[in-house]
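I set down what I looked up, entry by entry.

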Amino acid sequence: MSTRVRLGRLSGADVAVVAVVAVQLVPLVLLSNVGSVDGPAHLLGAAVLGGAPQEIYDTYYYRDRFPLPNLLTQHLLAGLLEVVTPTTAEKLLVGLYLVAFPLALRRAVLSVRPDASWIVPVGLVLATNTFLMWGFYNFCFALVAFLLGVAHVQRHRASWSTRSALGLTAILLLCYVTHLVPLVMLALFLCTSAAVDLHRRPPSSRRELVGRVAPPALALVPVAVLTLAFLARPASGEFGLGYRQLPHHLFDLLTLRLPLVTYSRLEYLLLLLLVSSLVLLLVALARELRSGRTDWRAPALLTLVLTLALYVVVPENLGQGGLMHARLSVFVPLLLLLAAAAVRPAAWLRVTATAAGCIVALGMVVVRLPVQLDVDRKIEAYRELSSSVEPQSLLVGFRLRGEEPEASRFRPLDQDPLLHAPSLVAVLTAGVDAGHYEAATSYFPIRFRPGRNAFDALGDLEQVPPQVDLSAVPELRYVLLWQDEAARRPPADARDVLRQLDEGFRLVRETADGRLLLYERRSGR
């Protein structure tokens, strides 16, 4: 049965999904800025990638021609910047994702069972996850690619053709150019599906075995080659293994705090409703399995079990960027929804789950909005001071205190909405942010040229307060200093950076509330 969305076939749950997604898009209209952590850094990378004729870009950056992961959204933003403003480009990108996620989830759910659209609203809140707040746009779009891949595998696993195998190859490549973790998860689902099918229907001959295994196996070859080639490249930045936070992350997984809590304490109350709904679905699934009406060897269910095993086995800091437990945590509820889609519980449970999903998704928008508005006002301070920055200058931004959301009081978040706000100033002034972390890593297409890596030369830019040596980069023109509130005494460990600013820079301008200050190097004029 076709899984295409047609107006004549929209169910009540489909209409609810459309309404909820419309509300999820409202903050993009109300806010002046998206307010994600890494969003400004992505905009700066896209501006450089787009080939804007700025001499300073050629001085500090070069383009890595290797087919890297983390490519898709960079190129999408670069294209959008050709026709719209940076803020609009980021809003359009986020809006596209918020629409694409439920469509992909619906397609995946209906590939499991054609009448399972009632379960889609339960997963709507997974679109507005922690990664969206962090600005991990490639990972977010990779979740969409993963769901499209699941739907494709489900629809064609019984009989692969050349066309369906090529389609699978294209989806796997889409996963690769967004993020490796969803790619691995899709490959895991594919292998699980193949193993289940071979167990259920053993091949009668070697020829039949090859005919059933070869198409999906060959589809994996291009991404396997690309992934191995990428992993073989020299890696910049930190690479380490760690399990210290595993017990904490296991608790966060059970409560869904790790993939979903972003801004407000009230989000925990909404999570109780979501977790309760998932538990009811899990109970319904268990009853179906016990009665034999549903096969426990379903690919989604087995992949869920394997994902939980990976969550325990894989260290948190595996690879650059780390956050492996956070990344894996979002697949647990996703796979649970896909597994539960195979059953059709009582009508009251379907209605309850659908209603609860809508309430949670809408509630998240409401409780997050006040904090988002506050963050938006703070980001506007950077936009305000950008008018006093001379174009094509090297700048950097520091914070004397962090601006982590309230949720960080409950668990380590280590993400500050203002962390990369100076990159927005660089975008608006066609300049370069010394704190542009993308250009100091090996998994983005724009890199700092050797000898021009101010990110590493200055010191620990992202520490609050920073531990830096401003004399290490004489060409540094401007420093943006976020000091929280002017009336407060600066923290003791900020004395060194304040001394360096007093000795080598002059105060040019500050916001009316005194929170953000702009310094210029004394020899700059």
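**Entry 1: α5 and α6.** T73, L76, L77, L80 and L81 of α5 meet P86, A89, E90, L92 and L93 of α6, contact being heavy atoms within 4.5 Å. By class, I note eight nonpolar, one polar and one charged residues in the contact of α5 with α6. Ala, Val, Leu, Ile, Met, Phe, Trp, Tyr, Cys and Pro count as nonpolar, Asp, Glu, Lys and Arg as charged, and the others, Gly among them, as polar. Helices are DSSP runs of H or I of at least four residues, strands are runs of E of at least two, and both are numbered from the N terminus.

I then took the geometry: the axes of α5 (residues 72–81) and α6 (residues 86–112) come within 9 Å and cross at roughly 135 degrees. That makes α5 oblique to α6. Angles under 35 degrees count as roughly parallel, over 145 as roughly antiparallel, 65 to 115 as roughly perpendicular and the rest as oblique. Axes are lines fitted to C-alpha atoms, for helices over the stretch in contact, and angles run from 0 to 180 degrees between N-to-C directions. The crossing of α5 and α6 is right-handed; a crossing is left-handed if the near helix is turned anticlockwise from the far one by less than a right angle, and right-handed if clockwise.

**Entry 2: conventions.** I number residues from 1 along each chain as its sequence is written, and side-chain values use heavy atoms, with hydrogens and water left out. Because the model is predicted, local features need pLDDT of at least 70 and side-chain atom pairs count only at pLDDT 80 or more, while totals for chains, interfaces and linings use all residues.

**Entry 3: α8 and α9.** Helix α8 (residues 137–156) packs against helix α9 (residues 162–176) at an angle of about 165 degrees, with the axes 9 Å apart. The two are therefore roughly antiparallel to each other, and I record their crossing as left-handed. From α8, A142, A145, F146, L148, G149, H152, V153 and H156 meet S164, G167, L168, I171, L174 and C175 from α9. This contact of α8 with α9 divides into nine nonpolar, five polar and no charged residues.

**Entry 4: α3 and α19.** How are α3 and α19 oriented, roughly parallel or roughly antiparallel? Their angle is about 30 degrees, with axes 7 Å apart, for α3 (residues 39–49) and α19 (residues 421–428); they are therefore roughly parallel to each other. The crossing is left-handed. P40, A41, L43 and L44 in α3 meet A421, S423, L424, A426 and V427 in α19. By class, I find eight nonpolar, one polar and no charged residues there.

**Entry 5: cavities.** Searching the whole structure, I find four cavities of 30 Å³ or more. A cavity is a set of points, on a 1 Å grid over the protein atoms alone, where a 1.4 Å probe fits but cannot get out; a pocket is an open set with protein on both sides within 12 Å along at least five of seven lines; lining residues have an atom within 4 Å of a point. Grid points are joined across faces, edges and corners, and a volume is the space filled by probe spheres set on the points.

The largest cavity has a volume of about 290 Å³. Of its 19 lining residues, P27, T128, L132, R368 and Q372 lie nearest its centre. Two or more lining residues come from each of α2 (26–30), α6, α7 (130–134) and α18 (347–385); α18 gives the largest share, four residues. The lining has 11 nonpolar, seven polar and one charged residues.

The second largest cavity has a volume of about 100 Å³. Strand β2 (residues 394–399) gives the largest share of its lining, three residues.

**Entry 6: second largest pocket.** I record about 310 Å³ of space here. Closest to its centre, of 13 lining residues, are L253, L254, L282, V332 and L336. By class, the lining has 13 nonpolar, no polar and no charged residues. The largest share, four residues, comes from α14.

**Entry 7: backbone.** Most residues other than glycine have a negative phi, and most peptide bonds are trans. Q392, not a glycine, has a positive phi of about 55 degrees and sits in the loop between α18 and β2. The peptide bond from V464 to P465 is cis, with omega near -10 degrees; P465 lies in the loop between β5 (459–460) and β6 (467–468).
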